[in-house]
Amino acid sequence: ILMSLKLISIWLGQKHLSLIQKEYLVMPDNQFKWTDITGDVFRAYMSQIPDVEEINKKLVDFIHTFDKYEDSNTNPHSFQTPWGIRSKETDHIKKHVFSMLKHSGYSEQFICYELFGNVYKTGDSNVMHIHHGADFTFNYYVKCPENSSPTVFSTSKKNVPAKEGRLVIFPGHIKHHVPKSPHQGERITLTGNLKAIDPRAVQRDAKMFFVTNNLNGVSYNAR
């Protein structure tokens with residue numbers, strides 16, 4: 001489906017980043033155009049990644065190797081890893097993220113400058129929030145038992161049902177939350193923040209944000 005896209009004003013810190021109108025061929029399974037009560041018009045992109053059973057099992061084990069990380073920006077109502085993690089499996093998911101953006105009409109080069117895992121136990125939730133400074137944020141659903149809560153875009157009340165293998169990308173300035181989840185077991189997601197950058201700045205910017213998981217010998221030096 002050939003469509004015309006116009007995104008207005010993504011809030012980036014104290015500035016606005018304006019995206020020009022683009023023609024694009026939609027590659028994701030679904031794309032949504034939503035207007036929230038603040039007047040923001042935005043598109044979210046969603047796709048189902050195939051054949052991820054083994055990858056998801058490894059992601060679950062990988063995320064469980066980290067201790068809970070807490071600072072002023074983490075969610076107090078669930079478990080979160082440190083802000084920067086990496087494995088072969090997270091790299092695989094990122095390739096799908098960059099491919100979705102490319103095939104949705106974005107010619108900019110993006111860097112994933114934060115990447116972290118989230119674990120929700122029964123009754124856990126996530127407060128309404130945005131991702132400051134991110135042009136786009138993605139959420140990948142690693143493990144979703146029956147009755148797992150969706151991701152809800154707070155002002156429009158639109159939601160993305162939690163389904164294993166699902167990948168959703170949306171502008172980072174859009175308010176969203178996760179309601180208390182009545183599932184049994186663990187609801188696990190992988191979240192990343194993306195920024196469009198000057199290609200010459202990729203290594204300079206990327207290497208500042210990532211940590212090493214010594215248990216697996218995994219380090220993140222760039223992208």
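Here is a short chat about reading a few features of this predicted model.

Q: What should I know before I start?
A: Residues are numbered from 1 along each chain as its sequence is written, and side-chain values use heavy atoms, with hydrogens and water left out. Because the model is predicted, local features need pLDDT of at least 70 and side-chain atom pairs count only at pLDDT 80 or more, while totals for chains, interfaces and linings use all residues.

Q: How many residues does helix 2 have, and what is its reach from first C-alpha to last?
A: Helices (H or I, at least four residues) and strands (E, at least two) are DSSP runs, numbered from the N terminus. The expected span of a helix is 1.5 Å times one less than its number of residues. Helix 2 (residues 88-103) has 16 residues and reaches 23 Å, close to the 22 Å expected.

Q: Is asparagine 56 buried or exposed?
A: Buried means under 20% relative accessible area, exposed over 50%, and partly exposed in between (1.4 Å probe, protein chains only). Asparagine 56, found in helix 1, has 6% relative accessibility, so it counts as buried.

Q: What does asparagine 56 touch?
A: Contact means heavy atoms within 4.5 Å. Leaving aside residues up to four places away in sequence, asparagine 56 touches Tyr140, Tyr141, Val142, Glu164 and Gly165.
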